[in-house]
Amino acid sequence: MPDPGCQLYLISPLDVGGDFPDRLRAALEAGPVAAFQFRVKDIDQHAAARLAAPLQAICAEQDCAFIVNDSIALAKRLGADGVHLGQSDGDPREARDVLGRDAQIGVTCHNSRHLALEAGEAGADYVAFGAFYPSETKQAKYQAEPEILHWWSSMMELPCVAIGGITVANAAPLVEAGADFLAVSGGVWNHADGEASAVREFLAIMAEHRRTDAP
């Protein structure tokens with residue numbers, strides 16, 4: 001199969017009510033987005049499911065994977081395409097047992113080669129490194145450098161995701177270093193010209209700075 005190059009992975013803002021479904025549709029219609037992560041905090045599963053329903057439908061219309069952050073149980077309830085697990089959110093093996101062999105399971109690995117190798121051995125479908133830059137979305141406890149993307153992509157076939165403070169102004173070095181996906185939240189939703197313009201700009205950067213030495 002041809003190398004698809006770096007792809008865009010959107011992460012929701014914490015507030016996905018109001019007009020956010022329309023904003024998500026605008027973003028997904030602007031160009032191909034590989035995945036959307038539903039990330040809400042401090043609400044019960046019933047409320048989360050109500051908020052997720054219209055967003056999941058939009059993702060299905062646009063052929064974009066719908067990934068649930070943190071909660072294996074919510075991912076199961078929604079019939080989501082997958083789950084993204086932090087280091088304290090459960091084991092990839094458990095997620096596989098609950099969600100099935102076709103689920104996309106990602107694991108946060110911070111700036112740790114060891115955690116990434118462990119996640120791969122546990123059956124994760126991708127590993128996420130970061131934060132690469134300061135982020136207004138989430139306070140980062142770990143700082144990652146682009147070199148870890150180069151190391152991973154040179155050694156492993158398992159995809160890697162770059163996350164943390166990524167904007168159109170700073171994305172190029174991460175693409176060049178070998179990220180398979182850029183996970184972006186504020187860099188799209190807070191873009192001065194709107195989310196559709198942000199998606200188009202990210203896709204242009206990915207095409208321009210695509211790695212040519214991938215294994």
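## Reading a predicted model by its cut-offs

Student: What makes Cys109 count as buried?

Tutor: Cys109 has a relative accessibility of 0%, and buried means under 20% relative accessible area, while exposed means over 50% and partly exposed lies in between (1.4 Å probe, protein chains only). The value falls under the cut-off, so Cys109 counts as buried.

Student: What kind of model is this, and how are its residues numbered?

Tutor: This is a predicted model, in which local features need pLDDT of at least 70 and side-chain atom pairs count only at pLDDT 80 or more, whereas totals for chains, interfaces and linings use all residues. Residues are numbered from 1 along each chain as its sequence is written, and side-chain values use heavy atoms, with hydrogens and water left out.

Student: How many disulfides does a search of the whole structure find?

Tutor: The search of the whole structure finds 0 disulfides, where a disulfide is a pair of cysteine sulfur atoms within 2.5 Å. For Cys6, the nearest cysteine sulfur belongs to Cys160 and is 8.4 Å away, and Cys6 is in no disulfide. Cys109 is in no disulfide either, with the nearest cysteine sulfur, again that of Cys160, 10 Å away. Cys6 has 12% relative accessibility, and therefore counts as buried.

Student: Why are helix 1 and helix 2 called roughly parallel?

Tutor: Helix 1 (residues 20-29) and helix 2 (residues 45-61) have axes that come within 10 Å and cross at roughly 15°. Angles under 35 degrees count as roughly parallel, over 145 as roughly antiparallel, 65 to 115 as roughly perpendicular and the rest as oblique, so helix 1 is roughly parallel to helix 2. The axes are lines fitted to C-alpha atoms, for helices over the stretch in contact, and the angles run from 0 to 180 degrees between N-to-C directions. Helices (H or I, at least four residues) and strands (E, at least two) are DSSP runs, numbered from the N terminus.

Student: Which residues make the contact between helix 1 and helix 2?

Tutor: Helix 1 contributes Phe20, Pro21, Leu24, Arg25 and Leu28, and helix 2 contributes Pro54, Leu55, Ile58, Cys59 and Glu61, contact meaning heavy atoms within 4.5 Å. By class, these residues divide into 8 nonpolar, no polar and 2 charged; here Ala, Val, Leu, Ile, Met, Phe, Trp, Tyr, Cys and Pro count as nonpolar, Asp, Glu, Lys and Arg as charged, and the others, Gly among them, as polar.

Student: How do you know that helix 1 and helix 9 are roughly parallel?

Tutor: The axes of helix 1 and helix 9 (residues 195-208) come within 8 Å and cross at roughly 30°. Helix 1 and helix 9 are therefore roughly parallel to each other. Their contact is made by Arg23, Ala26 and Ala27 of helix 1 and by Glu195, Ala196 and Val199 of helix 9, and in this contact 4 residues are nonpolar, none is polar and 2 are charged.

Student: What makes Asp42 count as exposed?

Tutor: Asp42 lies in the loop between strand 2 (35-38) and helix 2, and with 83% relative accessibility, over the cut-off for exposed, Asp42 therefore counts as exposed. The phi of Asp42 is near 60°, a positive value in a residue other than glycine.

Student: What is the phi of His110, and why is His110 called buried?

Tutor: The phi of His110 is near 55°, which is also positive in a residue other than glycine. Most residues other than glycine have a negative phi, and most peptide bonds are trans. His110 lies in the loop between strand 5 (104-108) and helix 5 (113-121), and its relative accessible area of 18% is under the cut-off, so His110 is buried. Among the residues that His110 touches, not counting those up to four places away in sequence, are Gln87, Phe129, Gly130 and Tyr142.

Student: Which peptide bond is cis, and what is its omega?

Tutor: The bond from Gly130 to Ala131 is cis, with omega near 10°, and Ala131 lies in the loop between strand 6 and helix 6.

Student: How do you know that Tyr9 is buried?

Tutor: Tyr9 is placed in strand 1 (residues 7-11), and at 4% relative accessibility, under the cut-off, Tyr9 therefore counts as buried. Leaving aside neighbours within four places in sequence, the contacts of Tyr9 include Ala35, His84, Tyr126 and Phe181.
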